[in-house]
Amino acid sequence: MTKKYVLALDQGTTRCRAILFDRDSNIVGVAQKEFTQHYPKPGWVEHDPEEIWSTQYGVIAELMARYNVNPEEIAAIGITNQRETTVVWDRNTGKPVYNAIVWQCRRTAGICDELKAKGLEEKVRYKTGLVIDAYFSGTKIKWILDNVEGAREKAERGELLFGTIDTWLVWKLTGGKVHVTDYSNASRTMIYNIRELKWDEELLAELGIPASMLPEVKPSSYVYGETDPNVFFGHAIPISGIAGDQQAALFGQTCFEPGMAKNTYGTGCFMLMNTGDKVYESKNGLLTTIAWGINGKVEYALEGSIFIAGAVIQWLRDGLKLIESAADSEYFASKVPDTGGVYIVPAFAGLGAPYWDMRARGTIVGLTRGTNKYHLVRAALESMAYQTRDVLSAMEADSGIKLQALKVDGGAVANNLLMQFQADILGVPVERPVNIETTAMGAAYLAGLAVGFWADKQELVTKYKVSRRFEPTMDEQTREKLYKGWQRAVTLAREWEVEE
Ligand SMILES: Nc1ncnc2c1ncn2[C@@H]1O[C@H](COP(=O)(O)OP(=O)(O)O)[C@@H](O)[C@H]1O
Ligand SMILES: O=P(O)(O)OC[C@H](O)CO
């Protein structure tokens, strides 16, 4: 039977999606479902790995049934995932020993403080490209080993396995035969040496993590194994692409050349710039990360991770009840020409790049008697654009590259007002592609390239189409005045919480 499709599994922070692409990169079908978020304590976030698997499996089944797909028509499967989220399971029973600890979870901030007190910051940055932060997997693994009864002993006996969500899904899809991850996901763990391309023994010893728990690290476009027919509708289909969701979006945006960058506006906002084979050491609060491994080469990226972006719009909707849907934010914001001097700094979980300030707190400044809800909605939207400017400035300073255009994707780029303001406040054109499902596209491309479904990266470049380009129209003086106001607001957000 002809191979007509590549199936992408996009396992995100809030939902699982299955998306089918044809040879022309068209989306043939999508199925998606949200799963439960667990908040056992303030600042803690967990997912149930079994629920992630059943939800992911459910959306695959739904997609196949709804679009009448014969599994034999699927050339390959690509996986892209929320990054850093940590699962530890028993290799014999296949059962997780604890819930997955999610990237947003702050429970290991204390472990991070201890690592910093030991003076490890420079070493961690050099080896892993990361700052010491609870965001990454390493301290989450340590927490599980230290806090789940019997876990450390079992791990030392070689009975436990660690994986990010890609690893967990491959394990499940292959019926427990393959324990693997790709370079991009490994580079988010804080225990992987991105220069030597190996798990770092010194950091493993520092965190007390046995090497036997760790998956094999492979390229992002590579046949890792096949689905177990008992699990996957009676068929063995190659699983041949894996990348963390932000790196997959960079690939899906066809940012293949050094200096090309994309920004994804979802729950958080993640800007990545391809730096080719160059490992930049950020002096401005960015991360160095592996973009992907492909064609026998590993390529790197600079990354600015913003923790709260679209989530501030969810807060307007669910917390403040100012709007009924995220899409309303555009209409409400358009009712006023500007915010009337109001700034919202959505530091709900501290601030990520480029500040990495866990003590910063959400702040609204500039309120007057004339402030109304339209101003607040507009200020919330603008906060995404200002945070992006913070990150882009850091990126240009680190790389010495002046961006010609910013490629964007993610749920919030549907908002034209936000996109125009983004171009204005950056002074750089913003390009929105026809296909904004770039994350899933990236995973599909990586998988398709490995099995010859698409010939090469050049073929993919010809498929990329811009739907709308937003040109900056704001004058320089206004732009800089507004941005200075934002910087002052950030200073206030960072000064709010004091140690008692
Ligand atoms: N029209 C819109 N304007 C502003 N924000 C939006 C709009 N539509 C969606 N969002 C925001 O985008 C986010 C959803 O984007 P998505 O890419 O699906 O995120 P994720 O993959 O992180 O779940 C939500 O936080 C939502 O508030
Ligand atoms: O699942 P998303 O789209 O919120 O992305 C989460 C990032 O991978 C976290 O690093």
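Reader: Which residues surround ligand 2, Gly-12 and Thr-13 among them?
Author: This is a predicted model, so keep that in mind as you look around. The shell of ligand 2 divides into 3 nonpolar, 5 polar and 3 charged residues. Going through them by name, you meet Gly-12, Thr-13, Gln-82, Arg-83, Glu-84, Trp-103, Tyr-135, Asp-245, Gln-246, Thr-267 and Phe-270.

Reader: How far is an oxygen atom of ligand 2 from a polar side-chain atom of Thr-13?
Author: Let's look at a few polar pairs here. An oxygen atom of ligand 2 sits 3.5 Å from a side-chain N or O atom of Gln-246, and for the side chain of Arg-83 the distance is 3.0 Å. With Thr-13, a polar side-chain atom and a ligand 2 oxygen are separated by 2.7 Å.

Reader: And how much of the area that ligand 2 exposes when taken alone does the protein bury?
Author: Start with ligand 2 taken alone, when it exposes 310 Å².

Reader: Which residues does UniProt list for "binding site"?
Author: The listing comes from an unreviewed UniProt entry. In the model, the shell of ligand 2 includes Thr-13, Arg-83, Glu-84, Tyr-135 and Asp-245. The UniProt record's list for "binding site" reads Thr-13, Arg-83, Glu-84, Tyr-135 and Asp-245.

Reader: Is Tyr-135 buried or exposed?
Author: You'll find Tyr-135 in the loop between α3 and α4. Its contacts beyond four places in sequence include Trp-103, Lys-140, Phe-270 and Trp-356, and its side chain makes a polar contact with the side chain of Arg-83 at 3.2 Å. Because its relative accessibility is 0%, Tyr-135 counts as buried.

Reader: Where is Asp-245 placed?
Author: Asp-245 has a relative accessible area of 13%, so it is buried. Setting aside neighbours within four places in sequence, it is in contact with Thr-80, Asn-81, Gln-82, Arg-83 and Thr-439. As for its place, look in helix α9, residues 245–252.

Reader: With which side chain does the side chain of Asp-133 make a polar contact?
Author: Asp-133 is in the loop between α3 (121–128) and α4 (137–147). It is buried, because its relative accessible area is 5%. Among the residues it touches are Cys-112, Thr-139, Met-190 and Phe-307. Its polar contact, at 3.0 Å, is with the side chain of Arg-106.

Reader: Which helix gives the largest share of the shell around ligand 1?
Author: There are 16 residues around ligand 1, with Arg-15, Thr-267, Gly-310, Gly-411 and Asn-415 coming nearest. By type, the shell divides into 6 nonpolar, 9 polar and 1 charged. The largest share, 4 residues, belongs to residues 310–319, which form helix α10.

Reader: How much of ligand 1 does the protein bury?
Author: First, some polar pairs: a ligand 1 oxygen is 2.9 Å from a polar backbone atom of Gly-411, and a nitrogen of ligand 1 is 3.4 Å from a side-chain N or O atom of Ser-329. Another oxygen pair, with the side chain of Gln-314, comes in at 3.3 Å. Taken alone, ligand 1 exposes 580 Å², and the protein's buried share of that is 79%.

Reader: Which feature does UniProt place at residues 262–450?
Author: That span is 35% helix and 23% strand, and its end C-alpha atoms lie 24 Å apart. The name comes from an unreviewed UniProt entry, which gives "domain: Carbohydrate kinase FGGY C-terminal".

Methods. Residues are numbered from 1 along each chain as its sequence is written. Chains are lettered from A and ligands numbered from 1 in the order in which they are written. This is a predicted model: local features need pLDDT of at least 70, side-chain atom pairs count only at pLDDT 80 or more; totals for chains, interfaces and linings use all residues. Side-chain values use heavy atoms; hydrogens and water are left out. A residue is near a molecule or strand if one of its heavy atoms lies within 4 Å of it. A polar contact is a pair of N or O atoms within 3.5 Å; within protein, one must be able to donate a hydrogen and the other to accept it, and residues adjacent in sequence count only if both atoms are side-chain atoms. Accessible areas come from the Shrake-Rupley method with a 1.4 Å probe; for residues, only the protein chains shown count as cover. Helices (H or I, at least four residues) and strands (E, at least two) are DSSP runs, numbered from the N terminus. Ala, Val, Leu, Ile, Met, Phe, Trp, Tyr, Cys and Pro count as nonpolar, Asp, Glu, Lys and Arg as charged, and the others, Gly among them, as polar. Buried means under 20% relative accessible area, exposed over 50%, partly exposed in between (1.4 Å probe, protein chains only). Contact means heavy atoms within 4.5 Å. UniProt positions are given in the numbering used here, feature names are shortened, and annotations may be inferred rather than shown by experiment.
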